[in-house]
Amino acid sequence: MIEVHEAVTQATLVTDSLVSIYSAMFVYALAFIFFTYDLAKRMSQAKQLSAAPADALVVSGKSARGAGKTAVLDRPSPPPVGFDEPGKTRRSVAARLGMIFTVMAWLLHVGGTVLRGVAAGRVPWANMFEFTLTATAIIIGVFLVMQFWQDLQFLGAYVTGFVLVFLGVATTNFYVDVVPLPPALQSYWLVIHVFVASLGTGFYGLGAALSVVQLVQARREARGLVAIRAVPTAERLESLAYRLIVVGFVFWTFTLIAGSIWAEHAWGRYWGWDTKEVWTFIVWVIFAGYIHARATRGWRGSRSAILSIIGFSAVLFNFTIVNLYFHGLHSYSGL
Amino acid sequence: MASDKPSSSSGNTDATQPGESLQTDPRRPSDHFDAPEAPDADITQPRLNFVGYLRFFWRQLTSMRTALFLLLLVAFAAVPGSLVPQQTSDPNGVIQYKADNPGWSKVLDFLGVFNTYSSVWFSAIYILLFISLIGCIIPRTMHHVRALRTQPPKTPARLDRLPGFLRTTAVEWGDDDVAGGVSAARDLLRSSGYRVRVFDGQSASAERGYLRETGNLVFHIALVGILLTVGLGGGFIWTGQKVVPVGQSFANTLSDYDSVSPGRWFSPDSLQPYKLTLTNFVPVYERKNLNAYGDVIDYTAYVRASQPGQKTVNETIKVNSPLRIGGTDVYLLSNGLAPVITVRNPAGKVVYTQPVPFLPQDANLTSEGVIKVPDGLAKQIGMVGFFYPTECDTSKTGNCGIAPVSVDPALFNPVLTLQVYTGDLGLNTGQPVNAYALNTDKLKIIAGRGSGKPGLTLRPGQTVKLPDGLGTIELNKVVRYVGLDIHHDPTQLWVLSFAILVFLGLITGLFIPRRRVWIKAVRRAGKVHFEYAGLARGEDPRLDEAVAEIARKHSQLLGLSMKP
């Protein structure tokens, strides 16, 4: 009787979890629509501004970057036109609605992920489906927490869109039923290693997003167009991206070390060039390259931004293609 | 909150006076963002002699650009090894790949792609990278050691062009008040963790965050440490494999291993003697959750471990918890089923009896194995068999398909099927032969497929006759076996220690800001005001904030107000 009861409870929890995730996706979709609308408005305002007389514009194209000797002699470039400095923010209604919906969706998302963990009686990141739930929840979580520090609402469309796509793929293509952990995964390192890996993914993801916007801004600035309204200058975006990616890099380094320790326990060697190990290493090296690029003359700015985007692409490749199509010891997708 | 104006994040040091900056700048590659810019390229270069070329080459190799290029090249060069199976991690995959792509794999083989990570080209890249790294580390370390004992540089003549510049309102103060204000500045900066030097009683020059460079250097030196440990330590590693059926033992001597791969400098004589007896192996299968019915949820190997001069102890080995014994680590890497086979000659005399480990082919432990009986019968016989712990039973589960298959890893309906061959098994040539394979090319099949006689089918406890009156074969019972990996790796602890240093160095090198701060009393038109400014050395997005905080505290101490 007790076993039957347990099974029923578990089935209920699994269903509740899925319902919660589907609801989160719906609300994310709403948030995405509002953020996109807001973004479109910002873009059109930028166009209007660039159509205005030239003396009304402040072009911040000439930056201290790469100027070497004279960099410090420059006064800080004047604040870009239109960017709302934190504190005196005038947020559009659309962006505000987007944020509200994102918070609501995130609560449903986290709720669904936690329910999944309760149903399974363990951490909710033991297969690809669960890992996607957790990692995307972390990306949104980092995005939301960042708002207390920086106004990053212009990333709302990117972040909610990205998470929506991955939740969609997870629920339709990665879904697996709750099954017990195989012996190799029964380790406290599952809790540490995988969670820190998803934290790193979250920071890398937002950093790369900032790099994308940075590239767009840099192009506009280089062409003498006005910066996109309510988006910081390319230089500032680069600085923000760097600070996020450096945190991601620390998490990623920890993931590598923790993974090696776990690999020694489970497989008898700390490093064996398993496909997943190789790609985690590749990602680490690319972002190490990014950090070095930021310290190399001629590589700051757009070039390093491209490296960060390549790095995050490698993270996604590692998570999707390597998990699904490459042979290796990390075959825990459950598919 | 955080405000980082563009100029504050750039750690350009040229604002200090010439001479000063050279003295205290980290010795960085010439194309480092923080390094002073090289003189104009238009200047005619002197002709280089041999040493000059060497120096030129060395400077190129240790430049940031080269390091960056080599880093990205390492990332790029690591890719092929993930696309093609590797000899070290997946030898069977390599064999399969070569069989599937005979032409293409010759090219790959020539390029060493099946051993990417020990190939010449991959090694060349990372060795160059590390030489470049060492060439960077050494001068910087020497310079940093000097910098640790160097006082902060002279206060710049004008602070108002430096990042974070702030000033107080002017007041009519005497010399003593100014001196008091400067010494208050010195105390404030000192208590905030700065190294402070006062110039002419008029200004305090302060620097902090030397740990940033220390961490940076520790990070890079520890990386070199990992590479050296792995490169040189590999020769001291010992790995071996042993299959042990329940009830049998393993002794840690060379002759008792099934296979070994010793490092170049490892002598098997240094193996510490110990003995492990596998008393039991218990797999646990999921029976409640119907989505995972029959999935493994636990493996536990129970062993009795005895070492000379010590009491015998009972230990367990699990997948994530190896047994550390006698200087080795014993890992539970595989397991399976071993039918215990007894073969008798026609007179009833036992000529062969032992558990025969069968290799699992799927999650339900459909297993394949080989039995070789070279002696005691009229002819040598070899048998290729399949073992099904729970053979699919049409009467119970309905549809089973044509080929026999196991539907559960537990022993619910165990069946052993055998095909029997006779002929020379090739065991007398002195060459080592794979115990898990039977080359049937020169053998004659006498029972099973194509022989005209049915193969043999056995259940535990059953005995059947061998064909041609050769004798009988009995399946006594079925036991579990474990595949143990026994490793001796003295480098592990070193690598772990270096890895921890890498991590600590990374955090300190990235997050501790290195900055200079100046507080200066400026006299103008009979009045005095204090000026504040800072300078980032390396990434320092919070510089302005830090200067503002110091300015606020200092002006409050002196009862001055800040000029807006």
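Over all chains, the structure holds 26 salt bridges. Keep in mind that this is a predicted model. Of those charged pairings, the count between chain A and chain B is 3, and the two chains bury about 6100 Å² between them.

**Salt bridges between the chains**

**Where chain A meets chain B**

- On the contact count, 71 residues of chain A touch 72 residues of chain B.
- Of the area buried between the two chains, 62% is on carbon and sulfur atoms.
- There are also 11 residue pairs in polar contact across this interface, counting pairs with both residues at pLDDT 80 or more.
- Which helices of chain A each supply at least two residues of the side that touches chain B? They are α1 (2–51), α6 (234–267) and α7 (275–293).
- The largest share of that side comes from α6(A), which gives 18 residues.
- Sorted by class, the side of chain A that touches chain B has 42 nonpolar, 16 polar and 13 charged residues.

**The largest cavity**

- Rolling a probe the size of a water molecule over the atoms shows where empty space is left.
- The largest cavity found has a volume of about 780 Å³.
- It's lined by 40 residues, and the ones closest to its centre are A:Phe131, A:His193, A:Val194, A:Lys276 and A:His330.
- The elements of chain A that give two or more residues to this lining are α3 (128–146), α4 (156–174), α5 (188–222), α6, α7 and α8 (302–319).
- Here α6(A) turns up again, with the largest share of the lining at 9 residues.
- By class, the lining of the largest cavity has 25 nonpolar, 13 polar and 2 charged residues.

**Two backbone spots to check**

- Most residues other than glycine have a negative phi, and most peptide bonds are trans.
- A:Trp273 has a positive phi of about 55 degrees, although it isn't a glycine.
- You'll find A:Trp273 in the loop between α6 and α7 of chain A.
- Over in chain B, the phi of B:Asp468 is near 60 degrees, a positive value in a residue other than glycine.
- Where is B:Asp468? Look in the loop between β19 (463–465) and β20 (472–488) of chain B.

Definitions and conventions. Residues numbered from 1 in each chain as written. Chains lettered and ligands numbered in written order. Predicted model: local features only at pLDDT ≥ 70, side-chain atom pairs only at ≥ 80, totals over all residues. Heavy atoms only, no water. Contact = heavy atoms within 4.5 Å. Buried area = accessible area lost by both parts, 1.4 Å probe. Salt bridge = Lys/Arg side-chain N within 4 Å of Asp/Glu carboxyl O. Polar contact = N/O pair within 3.5 Å; in protein donor to acceptor, adjacent residues only side chain to side chain. Helix = DSSP H or I, 4+ residues; strand = E, 2+ residues; numbered from the N terminus. Nonpolar A, V, L, I, M, F, W, Y, C, P; charged D, E, K, R; others polar. 1 Å grid on protein atoms, 1.4 Å probe; cavity = no way out; pocket = protein on both sides within 12 Å on 5 of 7 lines; lining within 4 Å. Points joined across faces, edges and corners; volume = space filled by probe spheres on them.
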